Amino acid sequence: MTETLDIQAPDAVASAPLHSLLGDLITTAHRLTRLAAHETNRTESPATWRTLSVLQAHGPMRLGELARQSRVTQPTMTKIVRGLDELNWIKRIADSDDARASLIASMPRGEAALAEWRETLGTALVPFFDGLTDDEQDTLRRAVDILRDRADLRSSAPSAGAAK
């Protein structure tokens, strides 16, 4: 069974308060990701790709921080890292701040696999978006730019759960 995207009418989205719009955006993005993954028939865990994405975006980090950033438990991250290490997609490097600890870093092979996965996802979605007008494509490009800009700001901000 093919999942369809439930996209609200433009007028309904335009009149929605910002928090509702952002909630719809996240829900739709998750559904879009699941749809793309389904269409590719790939078997890798989404946590694998999320972990590589975190490492690519933020650089080497300790296992506990990587687990937190990837939103999984430390034992789960240990398993993910073990699998990524077996594929030579990551490497462990010495932590210059603490000789007893190591950092997890992405390897070129892992970054290439991540780029290929993203390309595969995009290709799988083309049939669902075929026929978009130039204006609609420009709107999507602008939305991606806005989201990247805001996500970059957020990545350097303290977490919402941090003590005040």
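**Exercise 1.** Find which residues Met 107 is in contact with, leaving aside its neighbours within four places in sequence.

*Solution.* Step 1: contact means that heavy atoms lie within 4.5 Å. With the sequence neighbours within four places set aside, Met 107 is in contact with Asn 88, Trp 89, Ile 90 and Lys 91.

Before you go on, note that this is a predicted model, where local features need pLDDT of at least 70 and side-chain atom pairs count only at pLDDT 80 or more, while totals for chains, interfaces and linings use all residues. Residues are numbered from 1 along each chain as its sequence is written, and side-chain values use heavy atoms, with hydrogens and water left out.

Step 1: Met 107 and Lys 91 are 16 residues apart in sequence, and their C-alpha atoms are 6.5 Å apart in space.

Step 2: Helices (H or I, at least four residues) and strands (E, at least two) are DSSP runs, numbered from the N terminus.

Step 3: judge its exposure. Buried means under 20% relative accessible area, exposed over 50%, and partly exposed in between (1.4 Å probe, protein chains only). Met 107 has 23% relative accessibility, so it counts as partly exposed.

**Exercise 2.** Work out how strands E1 and E2 pair.

*Solution.* Step 1: two strands pair if DSSP finds at least two bridges between them. Strand E1 (residues 90-95) and strand E2 (residues 98-106) have six bridges, in the antiparallel sense.

Step 1: look at single bridges. Lys 91 has Ala 105 of E2 as its bridge partner, and Ile 93 has Leu 103 of E2.

Step 2: follow the chain from E1 to E2. The two strands are joined by a hairpin through two residues.

**Exercise 3.** Describe how helices H3 and H5 are placed against each other.

*Solution.* Step 1: two packed helices are described by the angle between their axes and the distance between the axes. Axes are lines fitted to C-alpha atoms, for helices over the stretch in contact, and angles run from 0 to 180 degrees between N-to-C directions.

Step 1: the axes of H3 and H5 come within 10 Å and cross at roughly 80°. H3 is therefore roughly perpendicular to H5. Angles under 35 degrees count as roughly parallel, over 145 as roughly antiparallel, 65 to 115 as roughly perpendicular and the rest as oblique.

Step 2: name the residues that make the contact. H3 brings Ala 47, Thr 48, Thr 51 and Leu 52, and H5 brings Met 77, Ile 80 and Leu 84.

Step 3: pick out Thr 48, which lies in helix H3 (residues 46-58). Thr 48 counts as buried because its relative accessibility is 15%. Neighbours within four places in sequence aside, Thr 48 is in contact with Ile 80, Leu 84 and Trp 89.

**Exercise 4.** Compare the span of helix H6 with the expected one, and list its buried residues.

*Solution.* Step 1: the expected span of a helix is 1.5 Å times one less than its number of residues. Helix H6 (residues 108-129) has 22 residues, and 32 Å is expected. From first C-alpha to last, H6 reaches 31 Å, close to that value.

Step 1: the buried residues of H6 are Gly 110, Ala 113, Leu 114, Trp 117, Leu 121, Ala 124 and Leu 125. Helix H2 (18-40) and H3 are among what covers them.

Step 2: look past H6. Gly 131 follows, with a positive phi near 95°.

**Exercise 5.** Locate Asn 41 and Arg 71, and decide whether each is buried or exposed.

*Solution.* Step 1: Asn 41 sits in the loop between H2 and H3. Its phi is near 60°, a positive value in a residue other than glycine. Asn 41 counts as exposed because its relative accessibility is 62%.

Step 1: Arg 71 sits in the loop between helix H4 (63-70) and H5. Phi of Arg 71 is also positive, near 60°. With a relative accessible area of 76%, Arg 71 is exposed.

**Exercise 6.** Find where the confidence of the protein chain is lowest and highest among its helices.

*Solution.* Step 1: pLDDT is the predictor's confidence in each residue, from 0 to 100. The protein chain averages 85, and 84% of the residues score at least 70.

Step 1: confidence is lowest in helix H1 (residues 10-15), with a mean of 58, and highest in helix H5 (residues 74-86), at 96.

Step 2: check residues 157-164, where pLDDT stays under 50 and the model has two contacts beyond four places in sequence. Where pLDDT is low, the predicted coordinates should not be read in detail.
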